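My entries follow the structure.

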Amino acid sequence: MSFFNLIQKKGSKPIPPAPESIRKEIVYGASTIKRTSSPNFAQPKPRPLRPIGGPRKVTKVRTSVSLSKTSQRRKPSTQTRLVSDSDSQSSDDGVEVPAKRVKLTHGNRTSRKRELRCKIAFSEDGNGVFPMVHAADFASLDKLPKYRLAFPEDSEFHAVALQYPSASQQEKFELVEPVQSDDFKPLDDIKETLEVVVNHYMPATDASTFKDDSHGLLRRLKRAREKKDGALYTALIHEWNDIVIRLRCDGVFSEILDKLGPLDLRLIERILTQTYARTVSPRVSTLRQYENGTDNVYGELLPKFVSDIFRITGLGPEHVFVDLGSGVGNVVLQAALEIGCESWGCEIMENACVLASLQEQEFKARCRLWGIASGDINLQRGDFLENTTIHKALQKADVVLINNQAFTPTLNDHLTSHFLDLKEGCQVVSLKSFVPTGHKITSRNLNSAYNVLDVAEKHYYSACVSWTDAPGSYFISRKDSSGLQRFMEQNRVR
């Protein structure tokens, strides 16, 4: 389920907020669930490890978990996933070979290789603790009647801490499940995180051991969940943590990241989904507060579509990306994560700006957990027609995204005049064309911005945008003044 289903219903046009509905909520009394103590996220004493993938160099590891008090607790959110067509096509077979990126030829920048691994994330210096939103902060028994124990027969096993590939802190989870099926599911989050780590961070031999249908850890974890065996489930998470720490200390994850090419979309979606679920989802209702018929209507492009745009435009780590009308910052974060480029966004709606700021903070924490170095992120508030900082960013931009699907004609016209300041070769991606059909250069319109835009119509498939399941068209306008120059030379215009 796309997380944009929660923002507005499917339809060909933006629609007003859905009316409030009444639903039955189950209230649990004090006798139904009894917590005898606060959640214990600590690891047990280290145990001998069962070897996987052959013998490895023995390295001293740190297995302690920070027991500091969790940060501000948030209201439980609606379960959301940043997913696209890749989700239905995913499998347990390793990393897919990505399509080759088209090299941008404009500008004076030289192509540079991206440094994907975040060095500080794999440093053993310090304790690796930093501000982040743990799953236990917003999905816990404290949120009754929203959540209940996932293992009611083993009530003493209701909390775990999960190790990510980096040397950073472990994430705290309470083993609970939501009463309503569309709310955040901690155990599903754990399951999907483990699958992504196995598929994208582990050598083939270790990955196959984890995915073994009979005795693999992923299979055993699934059985423990189906049998409601909290003790076994907790023990398996501890086993996972021990193995992940060992692989990290042996340098396995660092070596894989150093050799990894473009990030796979499933890994990208996992990081973006975790960020969104912990920041935007609990407050998603604020995005419904828009005025229909104005420029302030909220809608988003989904990750698969955005990834296609990056590929077609040839966006690389040495380039600059700008999103005008960036909403809660999803595309800005994806560009910084997937490409590693300098990424800018500007949004005028205050509610969306607040959520974008929260996303940026959590996104940086998530990247550190996963050990990935993202590109620089710059989020601006206000009107992009008047923001001088974003104007300077546009002058050096290589790719500009404008979701003008719901923009008024007046705003589109004002935007076009700013394209004159773009550098040659800059590509403007939009849902509606800025150049009228059949436009031709004449002596009467020499000063029009339309004359320096070379427009190509493209098509996207179904399930690419938040406001409709239907396929549609989009446009890429390249800043190219050569046609105007030829016209002026042929007509001897000065």
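**Largest cavity**

I sorted the lining of the largest cavity by residue type and got nine nonpolar, two polar and no charged residues. Here Ala, Val, Leu, Ile, Met, Phe, Trp, Tyr, Cys and Pro count as nonpolar, Asp, Glu, Lys and Arg as charged, and the others, Gly among them, as polar. The model is predicted, with local features needing pLDDT of at least 70 and side-chain atom pairs pLDDT 80 or more, while totals for chains, interfaces and linings use all residues. Residues are numbered from 1 along each chain as its sequence is written, and side-chain values use heavy atoms, with hydrogens and water left out.

I read off the lining as L324, F384, L385, H391, L394, V400, I402, L415, H418, F419 and L422. A cavity is a set of points on a 1 Å grid over the protein atoms alone where a 1.4 Å probe fits but cannot get out, and lining residues have an atom within 4 Å of a point. The largest cavity holds about 60 Å³, and the count of cavities of 30 Å³ or more is five. Volume is the space filled by probe spheres set on the points, which are joined across faces, edges and corners.

I checked which elements supply at least two lining residues each: α11 (388-395), β8 (399-402) and α12 (409-418). Helices (H or I, at least four residues) and strands (E, at least two) are DSSP runs numbered from the N terminus.

**Strand β8**

I found V399 and L401 pointing one way from β8 and V400 and I402 the other way, all of them buried (under 20% relative accessible area, with exposed over 50% and partly exposed in between; 1.4 Å probe, protein chains only). β8 runs parallel to β5 (residues 320-324), joined by four bridges; strands pair if DSSP finds at least two bridges between them. V322 stands opposite V400. β8 also pairs with β9 (residues 427-430) in the parallel sense over four bridges, where S430 is the bridge partner of I402.

**Cores**

I looked up the largest nonpolar core, which has 65 residues; I190, M202, Y233, W240, L337, W370 and I372 have the most contacts inside it. Such a core joins buried Ala, Val, Leu, Ile, Met, Phe, Trp, Tyr and Cys residues through side-chain atoms within 4.5 Å. Apart from it lies another core of 23 residues, including I390, L411, F419 and V435.

**N387**

I placed N387 in the loop between β7 (377-381) and α11. N387 counts as buried because its relative accessibility is 12%. Leaving out residues up to four places away in sequence, N387 touches C346, Q380 and R381 (heavy atoms within 4.5 Å).

Definitions and conventions. 1 Å grid on protein atoms, 1.4 Å probe; cavity = no way out; pocket = protein on both sides within 12 Å on 5 of 7 lines; lining within 4 Å.
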